[in-house]
Amino acid sequence: MLEGEKGIHTDFRENMTYGEYLNLDSILSSQKRLSNHHDEMLFIIIHQVSELWMKLILHELTASIKAINEGSLQPAFKMLARVSNIQTQIIHAWDVLSTLTPAEYLEFRDKLGQASGFQSYQYRLIEFALGYKSQHILKIYEQDKKIHDTLVAAFHAPSIYDVSIKALARAGFAVNPELLDRDFSETYSGDPTVAEAWKKVYLHVDKHWELYQLAEKLVDIEDWLQQWRFRHMKTVERIIGFKVGTGGSSGVDYLRKVLDHRFFPELWDLRTEL
């Protein structure tokens with residue numbers, strides 16, 4: 001016992017412990033290597049930790065979409081700032097994984113079978129929440145009804161940019177009314193009325209301060225997501241080169257293509273327009 005710390009609890013026969021609260025027995029027993037190779041532990045933990053961070057991202061994104069849709073922008077800003085900070089943690093995870101060399105990965109890669117990060121349903125839910133909707137992706141999850149139903153619901157739900165466009169309309173901007181009740185399963189590609197609305201927000205920041213803050217929070221999230229994608233691509237290239245992914249994707253070539261997608265096009269275009 002530390003001297004002077006007489007109040008520290010040591011009897012937990014009838015009280016909940018730290019490990020019990022966090023369900024650590026379950027968490028720490030979930031790293032089951034399929035090979036005897038030392039570095040497979042690294043591979044498993046990095047991906048499990050990333051999935052935990054993605055769970056928190058979804059928790060914050062879902063709540064922020066609801067808040068923006070209800071006109072409560074200030075609470076959404078806190079949630080979105082948290083998302084951006086979480087994204088930095090996931091990006092740094094690639095730095096740890098990149099310590100895995102090609103020779104080391106080859107020692108256990110065949111044990112993965114067709115399992116791949118490409119199949120991460122939480123990552124797809126994040127894409128859907130940000131507005132990137134890919135229907136063909138849904139087929140991957142048909143074997144699990146609960147996950148598939150969750151993805152289908154998110155696929156048809158408005159994204160954070162859809163509710164942000166509604167916020168522009170609520171503020172009196174002349175937004176194309178067809179955008180407010182469109183088919184949200186279609187990936188948004190841009191609209192001149194939205195571009196004009198955001199331009200006015202940036203030209204009159206003092207008058208539209210909350211919308212300006214919202215726009216910058218969205219730019220932060222897309223910026224960090226693209227940096228995450230880039231680090232993912234370079235880590236994959238560093239470890240397996242241009243091999244086909246375990247899940248059947250084209251690997252680096254696929255990851256390079258998705259870098260071209262923009263979630264919030266008008267917010268990037270106005271940088272040139274201003």
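The model is predicted, so local features require pLDDT of at least 70 and side-chain atom pairs count only at pLDDT 80 or more, while totals for chains, interfaces and linings use all residues. Residues are numbered from 1 along each chain as its sequence is written, and side-chain values use heavy atoms, with hydrogens and water left out. Helix α8 (residues 160-170) is largely enclosed by the rest of the structure, because eight of its eleven residues are buried.

**Helix α8**

- Helices are DSSP runs of H or I with at least four residues, numbered from the N terminus.
- The buried residues of α8 are I160, Y161, D162, V163, S164, I165, A167 and L168; buried means under 20% relative accessible area with a 1.4 Å probe, protein chains only.
- The cover over these buried residues includes α3 (40-69), α4 (73-97), α6 (121-130), α9 (192-203), α10 (209-240) and α12 (265-273).
- S164 lies in α8 and counts as buried because its relative accessibility is 0%.
- Neighbours within four places in sequence aside, S164 is in contact (heavy atoms within 4.5 Å) with I68, W198, L214 and L218.
- At the start of α8, the backbone nitrogen of Y161 has a side-chain oxygen of S159 within 3.2 Å.
- Just after α8, G172 adopts a positive phi of about 100 degrees.

**Helix α12**

- P265, E266, L267 and L270 are buried in α12.
- The buried residues of α12 pack against α8, α9 and α10.

**Aromatic rings and charges**

- Rings of Phe, Tyr and Trp (its six-membered ring) pair if their centres lie within 6.5 Å; planes under 30 degrees apart count as stacked, over 60 as edge-to-face and the rest as tilted.
- The count by this rule is 13 aromatic pairs.
- F128 and F155 form an edge-to-face pair, because their ring centres are 5.5 Å apart and their planes stand at 65 degrees.
- This pair ties together parts that are 27 residues apart in sequence, because F128 lies in helix α6 and F155 in helix α7 (residues 145-156).
- F128 and F155 are both buried.
- A cluster linked by ring pairs contains Y132, Y161, Y188, F263 and F264.
- A charge sits over a ring if NZ of Lys or CZ of Arg is within 6 Å of the ring centre and within 35 degrees of the ring normal.
- R124 lies over the face of F118 at 4.7 Å from the ring centre, and the charged end of R271 sits over the ring of W268, 5.9 Å from its centre.

**Cavities and pockets**

- On a 1 Å grid over the protein atoms alone, a cavity is a set of points where a 1.4 Å probe fits but cannot get out, and a pocket is an open set with protein on both sides within 12 Å along at least five of seven lines; lining residues have an atom within 4 Å of a point.
- Grid points are joined across faces, edges and corners, and a volume is the space filled by probe spheres set on the points.
- There are two cavities of 30 Å³ or more, and the largest cavity holds about 120 Å³ of space.
- Of the 13 residues lining the largest cavity, I57, Q87, I90, I126 and L225 lie nearest its centre.
- α10 supplies the largest share of this cavity lining, four residues.
- The largest pocket has a volume of about 1300 Å³, and F43, H47, S116, G117 and F118 are the closest to its centre among its 44 lining residues.
- α3 gives the most to the lining of the largest pocket, with eleven residues.

Methods: Buried means under 20% relative accessible area, exposed over 50%, partly exposed in between (1.4 Å probe, protein chains only). Helices (H or I, at least four residues) and strands (E, at least two) are DSSP runs, numbered from the N terminus. A polar contact is a pair of N or O atoms within 3.5 Å; within protein, one must be able to donate a hydrogen and the other to accept it, and residues adjacent in sequence count only if both atoms are side-chain atoms.
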